Amino acid sequence: MNKDIYFKYQWRYKKEDLKYCPRCGHLFSLEDIHIPNQPQLICHNCQFIFYLDPKLVVVAVVLNKDKDKVLLLQRNEDPGKGLWAFPGGHVERGHDLFDALKNEVKEETGLSIEVREIINTFSCPEEGMIQLVYEAISNNEKVTINIESKAGRFFYFHEIPWNELAFPSTEKILRLYMQNNGKTSE
């Protein structure tokens with residue numbers, strides 16, 4: 001990645017922020033068309049209705065091959081700068097979510113993973129996001145971070161920095177995984 005052109009992707013926006021039709025470039029109109037008090041973006045020029053879909057995010061709970069350690073990355077950007085979280089990222093339209101997850105982990109950690117079962121899903125309407133969380137296994141524990149992280153390492157479950165986790169969902173996922181798999185934090 002070229003660090004000179006890297007910038008923060010601002011994905012939090014509302015319908016009201018979108019002004020122009022992506023098909024023809026004319027101004028949008030925000031109108032109730034099907035359901036009262038749920039206006040849609042409409043282009044009266046080309047008859048296009050633009051639906052603002054939520055972003056799909058995939059997250060990996062990466063375990064070592066013995067499944068006694070979990071990978072966390074110390075974030076180098078907000079939200080949660082300096083705190084620990086799982087690797088993951090957005091799935092672009094037309095991309096396979098498993099390939100997207102493998103690519104995100106590879107990009108953020110240098111690790112190749114085998115994606116296993118789904119652990120949980122989260123819906124974050126206020127963020128415009130749906131998150132799918134998968135278990136993944138890495139046969140290697142040598143983490144090579146990119147500019148998105150300050151550090152990355154595998155923690156034994158009793159070493160997890162509980163007071164330094166970036167997101168409530170990170171803690172919830174860790175606790176759920178530990179509960180379902182007989183792991184303790186002691």
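Before going on, some ground rules. You are looking at a predicted model, where local features need pLDDT of at least 70, side-chain atom pairs count only at pLDDT 80 or more, and totals for chains, interfaces and linings use all residues. Numbering starts from 1 along each chain as its sequence is written, and side-chain values use heavy atoms, with hydrogens and water left out.

**Stop 1: the three-stranded sheet**

Color E1, E2 and E3. Strands here are DSSP E runs of at least two residues, helices are H or I runs of at least four, and both are numbered from the N terminus. Two strands pair if DSSP finds at least two bridges between them. What you get is an open sheet in the order E1-E2-E3, paired antiparallel. E1 (29-31) and E3 (48-50) stand at the edges with a single partner strand each, so one side of each has no neighbour in the sheet. From one strand to the next, the twist averages 35° (axes are lines fitted to C-alpha atoms, and angles run from 0 to 180 degrees between N-to-C directions).

Now zoom in on E2 (residues 40-43). Three bridges tie E2 to E1, with Ser29 opposite Ile42. Another three bridges join E2 to E3. These two strands form a hairpin with four residues between them, and Gln47 in the turn has a positive phi of about 65°.

Show the E2 side chains too. Gln40 and Ile42 on one side, and Leu41 and Cys43 on the other, are all buried (under 20% relative accessible area; exposed is over 50%, partly exposed in between, with a 1.4 Å probe and protein chains only).

**Stop 2: the nonpolar cores**

A nonpolar core is a set of buried Ala, Val, Leu, Ile, Met, Phe, Trp, Tyr and Cys residues joined through side-chain atoms within 4.5 Å. Select Val61, Val70, Phe86 and Ile160: in the largest core, of 23 residues, these touch the most other members. E4 (55-64), E5 (69-75), E8 (114-124), E9 (129-138) and H2 (168-180) each supply at least two residues of this core. For a second, separate core of 17 residues, pick out Leu71, Val91, Ile113 and Phe154, which are among its members.

Back to Val70. Beyond its neighbours within four places in sequence, its contacts (heavy atoms within 4.5 Å) include Phe86, Arg153, Ile160 and Leu174.

**Stop 3: Gln131**

Finish in E9 with Gln131. Is this residue buried or exposed? Gln131 counts as buried, because its relative accessibility is 10%. Leaving out residues up to four places away in sequence, Gln131 touches Val57, Val59, Asn120, Thr121, Phe122, Ser169 and Ile173.
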